Amino acid sequence: AGEGSESVAGDGAGPPAPERVLFPPTFSVSEIKNKQRRHFMFLRWKQQQRKEKLALKKKRKKEREALGDKAPPKAVPKTIENQRVYDETTVDPNDEEVAFDEATDEFAPYFNRQTVPKILITTSDRPRGRTVRFCEQLATVIPNSHVFYRRGLALKRIIPQCIARDFTDLIVINEDRKIPNGLVLSHLPDGPTAHFRMSSVRLRKEIKRKGKEPTEHVPEVILNNFTTRLGHSIGRMFAALFPHDPQFIGRQVATFHNQRDYIFFRFHRYIFKSEKKVGIQELGPRFTLKLRSLQKGTFDSKFGEYEWIHKRREMDTSRRKFHL
Amino acid sequence: LSPLQVVWSMLGNRQFCSYKMTTKTQNFCRNEYNLTGLCNRSSCPLANSQYATVREEKGRCYLYMKAIERAAFPRRLWERVLLSKNYEKALEEIDENLIYWPRFIRHKCKQRFTKITQYLIRIRKLTLKRQRKLVPLRRKIERRENRREEKALIAAQLDNAIEKELLERLKQDTYGDIYNFPIHAFDKALQQQDAESESESDAEREEDDDDDEDVDKREFVEAEDNELSDFEDMDKLETSSEEEQEEEEEVEEKASHSKSKGKTPLKGPARRKRPHIEIEYEEETEPSTKTKAA
């Protein structure tokens with residue numbers, strides 16, 4: 001009943017599928033009660049759909065070629081980046097106000113080359129092996145950084161000591177259930193403090209096809225896609241971790257790439273095979289960060305003045321709205 | 001047979017007591033007035049007419065006493081006495097309240113009181129230290145964020161982006177003269193000619209080109225990338241390459257394709273085909289202009 005113009009044998013190995021299968025208009029594959037037959041008819045239907053689709057594509061392509069120059073421009077597919085809700089805090093490269101802000105904010109001494117970055121890396125209490133190893137690798141990647149273990153010391157008391165010893169930045173890696181999952185980056189002489197959620201942490205040994213260890217050369221820094229005002233300040237925070245003059249002999253590059261509010265960190269070694277081709281090889285740990293909050297002063301959870309907090313209810317409402 | 005005996009022989013021993021918890025080795029009593037926590041004839045508050053316990057409420061300790069005279073009045077059954085905060089004084093208070101009471105109950109009361117004060121002290125000490133704030137994860141949100149991160153990773157096309165950026169920097173000359181690709185230098189030469197810059201630089205550029213071509217033909221290999229070896233080489237070669245130095249070129253002959261330290265994934269150990277020659281023409285000086293993309 002209603003099987004179309006073909007008769008299908010019960011074992012499904014019926015007559016070979018013809019070129020054009022005719023289905024009467026009231027027929028639907030899902031109405032066949034027999035599972036094998038239904039499956040068979042469905043496959044046939046699927047094949048036919050695919051053929052039609054291919055034919056349509058070919059036709060369109062031919063039409064396009066026939067038109068030649070007069071063809072309408074190819075439709076650009078919509079992506080989330082295309083459809084991104086325009087953020088009014090997007091930084092215009094020529095904006096004077098922003099330039100002035102940046103000349104006078106907490107990173108000005110760094111960008112004026114008055115200070116050399118010196119980083120202190122530490123963890124939450126009682127770090128487990130993975131976090132410890134991650135800290136060590138991070139210390140090799142960031143030049144002029146030192147790892148100290150926090151034996152139950154309060155951050156608020158560490159900070160004045162760090163300032164006294166000329167540290168410019170403090171990184172605290174928070175750990176939960178034996179994996180690092182949070183990062184607090186604090187610029188020291190009363191600079192802003194950013195709190196990130198860290199995910200997808202891969203140590204060096206877990207990276208496939210990695211190269212040798214990162215050397216002591218100062219790497220270059222790439223900061224991608226930090227467009228808004230907030231993104232700009234975070235980008236500067238990251239830039240302030242690395243010394244100014246990268247040593248190009250080292251051919252190492254540290255990348256902070258922002259995509260849809262996720263900041264991907266990668267550490268590569270590159271080599272120019274020709275002027276149009278470059279090969280990169282990943283060394284070093286990798287991780288992803290998502291900004292949770294940005295605080296004006298140094299780390300102070302109770303009395304701090306927050307410049308930006310991620311509020312889920314308000315900020316996560318639209319899929320095409322990003323803040324960095 | 002006293003009623004309490006009956007109580008014990010029925011409830012405690014044989015039949016069901018709702019406060020009793022049995023485990024493999026022990027019987028416990030869940031009654032809140034129980035002195036020791038075990039289910040025994042002597043520590044059952046139900047089966048003893050004269051009984052006392054120490055309990056704490058909101059950081060203060062009280063001595064509870066049960067007397068047989070009040071057995072008929074359940075509401076007034078347990079008499080409560082506040083104990084002093086001072087440890088020794090409280091012990092004395094227990095003693096004076098439980099004077100003439102069985103030794104067992106007195107002893108156990110004092111032991112219990114000691115334990116309670118110890119844990120109260122510990123609570124107070126811990127609250128002074130940094131408390132760990134536990135923030136619950138919301139499963140749906142975690143899942144959503146992980147998924148979005150994966151998609152963002154795919155959309156980011158990191159390798160392409162990094163390569164593009166590096167090529168951009170190469171084009172914009174941030175690396176100075178480290179890498180000399182013929183076409184690149186030629187383009188630079190064209191630009192220089194278009195801009196009608198000084199003829200000196202033109203001459204330099206042309207010589208640059210010549211050297212580049214020589215380099216490509218001869219295929220020098222710089223085996224080690226260490227700074228130490230750099231210095232060694234420079235010491236050796238300072239004498240031999242004076243001519244080049246006079247021209248004051250800043251050509252660094254560690255041509256990029258001859259570096260063997262950072263191997264690209266494609267050209268693996270096949271590097272060592274070329275002869276192991278270390279020749280360096282010039283001492284390197286870092287180009288002073290470096291721009292950092294922000």
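Predicted model: local features only at pLDDT ≥ 70, side-chain atom pairs only at ≥ 80, totals over all residues.
In which segment of chain A does His323(A) lie? Select His323(A) and you will find it in the segment after helix H7 (312–315) of chain A, where helices are DSSP runs of H or I with at least four residues, strands are runs of E with at least two, and both are numbered from the N terminus. With a relative accessibility of 11%, His323(A) counts as buried, since buried means under 20% relative accessible area, exposed over 50% and partly exposed in between, with a 1.4 Å probe and protein chains only.

Residues are numbered from 1 along each chain as its sequence is written, chains are lettered from A and ligands numbered from 1 in the order in which they are written, and side-chain values use heavy atoms, with hydrogens and water left out.

Next, select helix H2 (residues 96–104) and helix H6 (residues 229–239) of chain A, which pack at an angle of about 30 degrees with their axes 12 Å apart (axes are lines fitted to C-alpha atoms over the stretch in contact, and angles run from 0 to 180 degrees between N-to-C directions). That makes H2(A) roughly parallel to H6(A), a term for angles under 35 degrees, as against over 145 for roughly antiparallel, 65 to 115 for roughly perpendicular and oblique for the rest.

Finally, colour chain B by secondary structure, which comes to nine helices and five strands; of its 294 residues, 36% are buried.
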